[in-house]
Amino acid sequence: MNKEEFARRLATRGYTKTDAKQITNDVLETITECLVDGQEVAFHGFGTFHVINAKDRETVNMHTGERIVVAGHAAPKFAAGQELKRII
């Protein structure tokens with residue numbers, strides 16, 4: 001399901017399609033802003049969005065055999081909550 005399909009499904013709960021799209025966009029933008037600011041976003045029972053900081057790592061270029069270092073980076077992660085796990 002993509003964002004457009006999600007908004008359409010949300011609209012079946014009594015929102016207009018326009019409002020559903022706006023709500024979807026606003027929620028996603030707000031979660032993104034919080035993660036950029038270094039905050040976790042937790043929905044009790046549903047799950048937690050957070051950022052992990054991957055360390056530098058060494059790997060091998062498959063074409064040349066050369067050893068290279070891949071720089072560390074930040075990456076978003078989602079951990080499902082117990083209620084969501086139970087339902088699924």
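Me: When do two strands count as paired, and over how many bridges do β2 and β5 pair in this predicted model?
Reply: Two strands pair if DSSP finds at least two bridges between them. The model is a predicted one. Strand β2, residues 47-54, pairs with β5 in the antiparallel sense, and the number of bridges is eight.

Me: Which strands stand at the edges of the open sheet?
Reply: The sheet is open and has three strands in the order β1-β2-β5, with antiparallel pairing. An edge strand here has a single partner strand, so one side of it is left without a neighbour in the sheet. The strands in that position are β1 (41-43) and β5 (73-80).

Me: At about what angle to β2 does helix α2 run?
Reply: Helix α2 covers residues 17-36. This helix lies across β1, β2 and β5, and its angle to β2 is about 40 degrees.

Me: Is the pair of F43 and F46 stacked or edge-to-face?
Reply: The structure holds four aromatic pairs. In the one formed by F43 and F46, the ring centres are 6.4 Å apart and the planes are at 75 degrees. Planes over 60 degrees apart count as edge-to-face, so the pair of F43 and F46 is edge-to-face.

Me: Is F46 buried, partly exposed or exposed?
Reply: The relative accessibility of F46 is 40%. Buried means under 20% and exposed means over 50%, so F46 is partly exposed.

Terms used:
Residues numbered from 1 in each chain as written. Predicted model: local features only at pLDDT ≥ 70, side-chain atom pairs only at ≥ 80, totals over all residues. Heavy atoms only, no water. Phe/Tyr/Trp six-rings, centres within 6.5 Å; stacked < 30°, edge-to-face > 60°. Buried < 20%, exposed > 50% of the residue type's maximum accessible area, 1.4 Å probe, protein only. Helix = DSSP H or I, 4+ residues; strand = E, 2+ residues; numbered from the N terminus. Contact = heavy atoms within 4.5 Å. Axes fitted to C-alpha atoms, helices over the stretch in contact; angles between N-to-C directions.
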